[in-house]
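Open the model in your viewer and keep the selection panel at hand. The tour goes stop by stop, with something to select at each.

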Amino acid sequence: MQARIRVVVAKPGLDGHDRGAKVVARALRDAGMEVVYTGLHQTPEQIVETAIQEDADAIGLSVLSGAHMTLFRRVIELLAERDAGDIVVFGGGIIPADDIAELESLGVAKLFTPGATTASIIEWVRANVTTPVA
């Protein structure tokens, strides 16, 4: 029997628009996953620390501020530094198509842009995030 998927949903940086992150967090929770929502204005260091402390399987970042390249990159770097590169990083927000390929090359597993449905996010997480056997 597998344990439930544990996801940290976070709003890094100065972006104060959290409705989308809350909708995704609730949808993942309602789909049976364990979700920790960190709240607004989190640093990459705080997000990675939370993910490690909570033994998360994935981190979902919501970035609408335009700082996606810096914030995603830093989270990926910190996970590698903490030997936690097995934590899957995905996210969404206002991310230009030209930046998606670069973010994916850095190690971001999936990016959802405006119009993505919660059903598609849930389906992707279930298919791409593994949990240890309980």
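Which residues form one aromatic cluster? Select Phe-90, Phe-112 and Trp-124: these form it. Keep in mind throughout that this is a predicted model.

**Stop 1: the aromatic cluster**

The structure holds two aromatic pairs. Begin with Phe-90 and Trp-124. Their ring centres are 5.6 Å apart and their planes meet at 50°, so this pair is tilted. A tilted pair falls between the cut-offs of 30 degrees for stacked and 60 for edge-to-face.

Now colour by secondary structure. Phe-90 sits in strand β4, residues 88-93, and Trp-124 in helix α5, residues 118-128. The pair therefore ties together parts that are 34 residues apart in sequence. Both Phe-90 and Trp-124 are buried.

Phe-112 and Trp-124 make an edge-to-face pair, with 6.2 Å from centre to centre and 80° between the planes. This pair links distant parts of the chain as well: Phe-112 belongs to strand β5, residues 110-112, and Trp-124 to helix α5, 12 residues apart.

How accessible are these two rings' residues? Phe-112 has 11% relative accessibility, so it counts as buried. Trp-124 has 14% and therefore counts as buried too. The cut-off for buried is under 20%.

Lys-110 lies over the face of Phe-112, at 5.6 Å from the ring centre.

**Stop 2: the largest pocket**

The largest pocket holds about 370 Å³ of space. To centre on it, select Gly-20, Val-24, Gly-92, Gly-93 and Ile-121, which are the closest to its centre of the 22 lining residues.

Which elements give two or more residues to the lining? They are α1 (19-30), β3 (58-63), β4 and α5.

Colour the lining by residue class. It has 12 nonpolar and 10 polar residues, and no charged ones.

**Stop 3: the second largest pocket**

Move on to the second largest pocket, with a volume of about 200 Å³. Its lining has 13 residues, and the closest to its centre are Asp-55, Ala-56, Asp-57, Asp-86 and Ile-87. By class, the lining has eight nonpolar, two polar and three charged residues.

**Stop 4: two positive phi angles**

Stay on Asp-55 and check its backbone. Most residues other than glycine have a negative phi. Asp-55 is not a glycine, yet has a positive phi of about 55°. Look for Asp-55 in the loop between α2 (44-53) and β3. At 55% relative accessibility, Asp-55 counts as exposed.

Next, select Asp-83. Its phi is near 55°, again a positive value in a residue other than glycine. Asp-83 is in the loop between α3 (68-81) and β4. Is Asp-83 buried or exposed? Its relative accessibility is 73%, so Asp-83 counts as exposed.

**Stop 5: the loop between β1 and α1**

Go to the loop between β1 (6-10) and α1, where you will find Asp-18. At 15% relative accessibility, Asp-18 counts as buried. What is Asp-18 in contact with, leaving aside its neighbours within four places in sequence? The answer is Lys-11, Tyr-37 and Leu-40.

For scale, draw a C-alpha to C-alpha distance from Asp-18 to Glu-81. The two are 63 residues apart in sequence and 28 Å apart in space.

Leu-14 is found in the loop between β1 and α1 as well. Leu-14 counts as exposed, at 80% relative accessibility. Draw a line from Leu-14 to Pro-132: 118 residues apart in sequence, 34 Å apart in space, C-alpha to C-alpha.

**Stop 6: Leu-40**

Finish on Leu-40, in the loop between β2 (34-37) and α2. Leu-40 is partly exposed, with a relative accessible area of 31%.

Show its surroundings. Leaving aside neighbours within four places in sequence, Leu-40 is in contact with Lys-11, Asp-15, Gly-16, His-17 and Asp-18. Last, select Pro-12. Leu-40 and Pro-12 are 28 residues apart in sequence and 6.9 Å apart in space, C-alpha to C-alpha.

Key: Residues numbered from 1 in each chain as written. Predicted model: local features only at pLDDT ≥ 70, side-chain atom pairs only at ≥ 80, totals over all residues. Heavy atoms only, no water. Phe/Tyr/Trp six-rings, centres within 6.5 Å; stacked < 30°, edge-to-face > 60°. Helix = DSSP H or I, 4+ residues; strand = E, 2+ residues; numbered from the N terminus. Buried < 20%, exposed > 50% of the residue type's maximum accessible area, 1.4 Å probe, protein only. Lys NZ or Arg CZ within 6 Å of the ring centre and 35° of its normal. 1 Å grid on protein atoms, 1.4 Å probe; cavity = no way out; pocket = protein on both sides within 12 Å on 5 of 7 lines; lining within 4 Å. Points joined across faces, edges and corners; volume = space filled by probe spheres on them. Nonpolar A, V, L, I, M, F, W, Y, C, P; charged D, E, K, R; others polar. Contact = heavy atoms within 4.5 Å.
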